[in-house]
Amino acid sequence: MPVIRIVHRTPAPTGEAWSRLTDWERHGAQVPLTRTIIETEPPTHAGTIFTARTGVGRITFDDRMEVVVWRPPAADSPGLVRLEKRGRSVTGWAEIEIRPLPAGGSEVHWREELRLRGLPRALDPAVAAAGRLLFGRAIARLLAG
């Protein structure tokens, strides 16, 4: 499984960074040809299910995810959300951890393991590189507001 790790610093406080990075509908707007479909009632919690649908016309694939850990940041403690990927095409997991920085702002740790069914393991390094680029840009855009 390709492993993707990204660390991103932001001047945003942990609560604000958390709100921006866990606004699932906004994620779709940051990834080309993708929209997010929320399948459970708000607010987000453990058990929330949503799908990132990517494609054009009838050629699409779904990345269906379930929130299995939902621990928002509190005071000076980090926040952590863990998603399990439960789709037919995309499996694995993702974690977003947001840590407060001593001088202010936050540090985001994005960790993800994903498997694209039908794709040979020999392509894992290319998938990981593309994921780092794509998710790194999405994180920066989500945090920018």
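## Glutamate 95

Glutamate 95 sits in strand 6. The model is a predicted one. Glutamate 95 has 14% relative accessibility. Buried means under 20%, so glutamate 95 counts as buried.

Neighbours within four places in sequence aside, glutamate 95 contacts Leu80, Val81, Arg82, His109, Trp110 and Arg111. Glutamate 113 lies 18 residues from glutamate 95 along the chain. The C-alpha atoms of the two are 9.2 Å apart.

## Threonine 22

The loop between helix 1 and helix 2 holds threonine 22. Its relative accessible area is 9%, so threonine 22 is buried.

Beyond four places in sequence, threonine 22 is in contact with Thr44, Trp70 and Val81. Val81 is also on the contact list of glutamate 95. Threonine 22 and aspartate 124 are 102 residues apart along the chain. Their C-alpha atoms are separated by 26 Å.

## Nonpolar core

The largest nonpolar core has 25 residues. Those with the most contacts inside it are Leu21, Trp24, Val81, Leu83, Ile96 and Ile98. At least two core residues come from each of these elements: strand 1 (3-10), helix 1 (14-21), strand 3 (49-56), strand 4 (59-71), strand 5 (79-86), strand 6 (90-100), strand 7 (106-116) and helix 3 (124-144). Helix 3 gives the most, with six residues.

Isoleucine 98 touches residues from several stretches of the chain. Setting aside residues up to four places away, they are Thr14, Ala17, Trp18, Leu21, Pro78, Gly79, Ser106, Glu107 and Val108.

## The buried side of helix 1

Thr14, Ala17, Trp18 and Leu21 are buried in helix 1. They lie on the same side of the helix, because they cover an arc of only 100° around the axis. Each of these four is touched by isoleucine 98.

## Largest pocket

The largest pocket has a volume of about 540 Å³. Its lining counts 28 residues. Val31, Asp63, Glu112, Leu134 and Phe135 lie nearest the centre. By class, the lining has 19 nonpolar, six polar and three charged residues.

Helix 2 (24-30), strand 2 (34-38), strands 3, 4, 5, 6 and 7, and helix 3 each supply at least two lining residues. Helix 3 provides the largest share of the lining, six residues.

Technical notes:
Residues numbered from 1 in each chain as written. Predicted model: local features only at pLDDT ≥ 70, side-chain atom pairs only at ≥ 80, totals over all residues. Heavy atoms only, no water. Core = buried A, V, L, I, M, F, W, Y, C linked by side-chain atoms within 4.5 Å. Buried < 20%, exposed > 50% of the residue type's maximum accessible area, 1.4 Å probe, protein only. Helix = DSSP H or I, 4+ residues; strand = E, 2+ residues; numbered from the N terminus. Contact = heavy atoms within 4.5 Å. Arc of directions from axis to C-beta. 1 Å grid on protein atoms, 1.4 Å probe; cavity = no way out; pocket = protein on both sides within 12 Å on 5 of 7 lines; lining within 4 Å. Points joined across faces, edges and corners; volume = space filled by probe spheres on them. Nonpolar A, V, L, I, M, F, W, Y, C, P; charged D, E, K, R; others polar.
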